[in-house]
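Hi,

Here is the structure I promised to pass on.

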Amino acid sequence: MKRLSLILITGFMFLVISSIVNPVFAGSEKFDEKMQPILTEYLKIVDILASDKTDGIADAAKKIEDLAGSISSSLVTGEHASHYKRIPGGISDGAKKMALAKDIASLRAALVDLSKPMVMWTSMSKPSGINVIYCSMNPGSWLQKGKKIRNPYYGSKMLSCGEIISGPDAKK
């Protein structure tokens, strides 16, 4: 009986400690899993725009729109579930604007709309290795990996303009 109690207490302590250490809101794991392919396509778009190019953006935006249509905020449980409700629709709307954009200026303007729900999701779910960058000159935020700033809103004109405001490379 003592051994069973010890096992139960140890298991409970592990759950408590892991929920404190893990920044992911409990109950968002399925939602976050569905967001990974969207994040991959989003990061492609950011990189292409930072390179002052447009090839491949429409395809990536269409993939994002399709993928966002398959995500439901009902995948999120727990006390923070309501915060995830607008994310799929916001991503779908932003991706649709990007897919319809005709030039690099309108693509960059549409990126603002796509980035808002992506940043919101990132701020709650904390995907591994993803930084949130803010540019006060645009103003707008975006996501990227690594600490070398690559501004998709200005490209080569102001490639390093921005500040990491959250993520693994944010100044603490």
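Below is what turned up, starting with the ground rules.

This is a predicted model, so local features need pLDDT of at least 70 and side-chain atom pairs count only at pLDDT 80 or more, while totals for chains, interfaces and linings use all residues. Residues are numbered from 1 along each chain as its sequence is written, and side-chain values use heavy atoms, with hydrogens and water left out.

First, the overall layout. The chain has five helices and three strands, in the order α-α-α-α-α-β-β-β along the sequence. (Helices are DSSP runs of H or I with at least four residues, strands are runs of E with at least two, and both are numbered from the N terminus.) Of its 172 residues, 37% count as buried, meaning under 20% relative accessible area with a 1.4 Å probe, protein chains only. Among contacts with a separation of 6 or more, 61% are between residues 24 or more positions apart; a contact here means heavy atoms within 4.5 Å.

Next, helix α5. This helix covers residues 104–125, 22 residues in total, and spans 30 Å from first C-alpha to last, close to the 32 Å expected at 1.5 Å a residue (the expected span being 1.5 Å times one less than the number of residues). There is a bend of about 30 degrees at Ser115, with Pro117 following within four residues; the bend is the angle between axes fitted to the seven residues ending there and the seven starting there. After α5 comes Lys126, which has a positive phi near 50 degrees.

Finally, the aromatics. The whole structure holds two aromatic pairs, where rings of Phe, Tyr and Trp (its six-membered ring) pair if their centres lie within 6.5 Å, and planes under 30 degrees apart are stacked, over 60 edge-to-face and the rest tilted. Phe31 and Tyr84 sit edge-to-face, 5.1 Å centre to centre with 75 degrees between the planes. Phe31 is in helix α2 and Tyr84 in the loop between α3 and α4, so this pair ties together parts that are 53 residues apart in sequence. Phe31 is buried at 0% relative accessibility, and Tyr84 is buried with a relative accessible area of 0%.

Trp142 and Tyr153 are also edge-to-face, at 5.7 Å and 80 degrees. Trp142 belongs to strand β2 and Tyr153 to the loop between β2 and β3, 11 residues apart. Trp142 is buried at 0%, and Tyr153 is buried at 5%.

Cheers

Notes:
Buried means under 20% relative accessible area, exposed over 50%, partly exposed in between (1.4 Å probe, protein chains only).
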